Amino acid sequence: MSTVFQWIHLTAAVVGVGGIAFLVIVLFPSARVLTPEQRDLLVKAVAGRFRWVTWTVIILLLISGLYNVRQFYWEEAWGPAWAFLTIKIALAGVVFLISLCLTLPLKLFDPFRERRKRWLTIAFILALIVILISAYLRLGSHA
Ligand code: HEM
């Protein structure tokens, strides 16, 4: 069972972070060849589809992540591993928050969406730190 949850966690992370990387590194810079009207159309179409990817990835990461916490950490005493795990979960929470502000169809978040590229870049950098901490935890606890 652990393998299935680990697979779900890794796959969701790959799809979610890979998707953000593609938008920031490839799609947004490439869209400069389009006229502003074409660019608006493209961004709207991409946002419509990416919204479902984002929400699915967040739900899967939360369920599989909590399972991993229960499986590998719950019985452990407080120590460096728990501290790093707490930092990781907090950073992941910020990534989720940014992603939700960019994708929830609420007028309230329009100012956020006007700076979509900046917020996605911040989310991408934070997600890279989350992966770094995850790799460190992996080596530390199961070596
Ligand atoms: C941006 C969101 C997240 C990303 C990119 C991410 C990524 C990863 C990666 C790459 C691993 C390593 C898996 C392996 O080596 O098999 C991992 C493990 C893990 N993740 Fe996440 N994760 C995220 C969110 C979460 C959340 C929200 C939780 C908890 C609620 C969580 C809890 C865990 C735990 C407990 C492990 C096992 C660590 C260990 O091997 O000791 N993750 N995560």
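The following dialogue discusses how to read a predicted model of one protein chain.

Colleague: How many helices and strands are in the protein chain?

Modeller: Helices (H or I, at least four residues) and strands (E, at least two) are DSSP runs, numbered from the N terminus. The protein chain has 5 helices and 0 strands, giving the pattern α-α-α-α-α along the sequence. Its C-alpha atoms fill a box of roughly 55 × 30 × 25 Å along the principal axes.

Colleague: Which residues have the most contacts inside the largest nonpolar core?

Modeller: In soluble globular proteins, nonpolar side chains tend to be buried together. Buried means under 20% relative accessible area, exposed over 50%, and partly exposed in between (1.4 Å probe, protein chains only). A nonpolar core is a set of buried Ala, Val, Leu, Ile, Met, Phe, Trp, Tyr and Cys residues joined through side-chain atoms within 4.5 Å. Here the largest such core has 30 residues, and those with the most contacts inside it are Ile 20, Leu 23, Tyr 73, Leu 85 and Leu 120. Helix 1 (2-30), helix 2 (36-72), helix 3 (80-103) and helix 5 (116-142) each supply at least two of the core residues. Leaving aside residues up to four places away in sequence, Ile 20 is in contact (heavy atoms within 4.5 Å) with Phe 50, Leu 120, Ala 123 and Phe 124.

Colleague: What are the protein donors of the iron atom of the ligand?

Modeller: Donors are N, O and S atoms within 2.8 Å of the metal (3.2 Å for Na, K and Ca); water is not among the atoms, so sites may look incomplete. The protein donors of this iron atom are His 9 (NE2) and Lys 88 (NZ), at 1.8 to 2.0 Å from it. This pair links distant parts of the chain, with His 9 in helix 1 and Lys 88 in helix 3, 79 residues apart. Both His 9 and Lys 88 are buried.

Colleague: Where is Arg 138 placed, and is this residue buried, partly exposed or exposed?

Modeller: Arg 138 lies in helix 5 and is partly exposed, with a relative accessible area of 44%. Arg 138 and Ala 81 are 57 residues apart in sequence and 9.8 Å apart in space, C-alpha to C-alpha.

Definitions and conventions: Residues numbered from 1 in each chain as written. Predicted model: local features only at pLDDT ≥ 70, side-chain atom pairs only at ≥ 80, totals over all residues. Heavy atoms only, no water.
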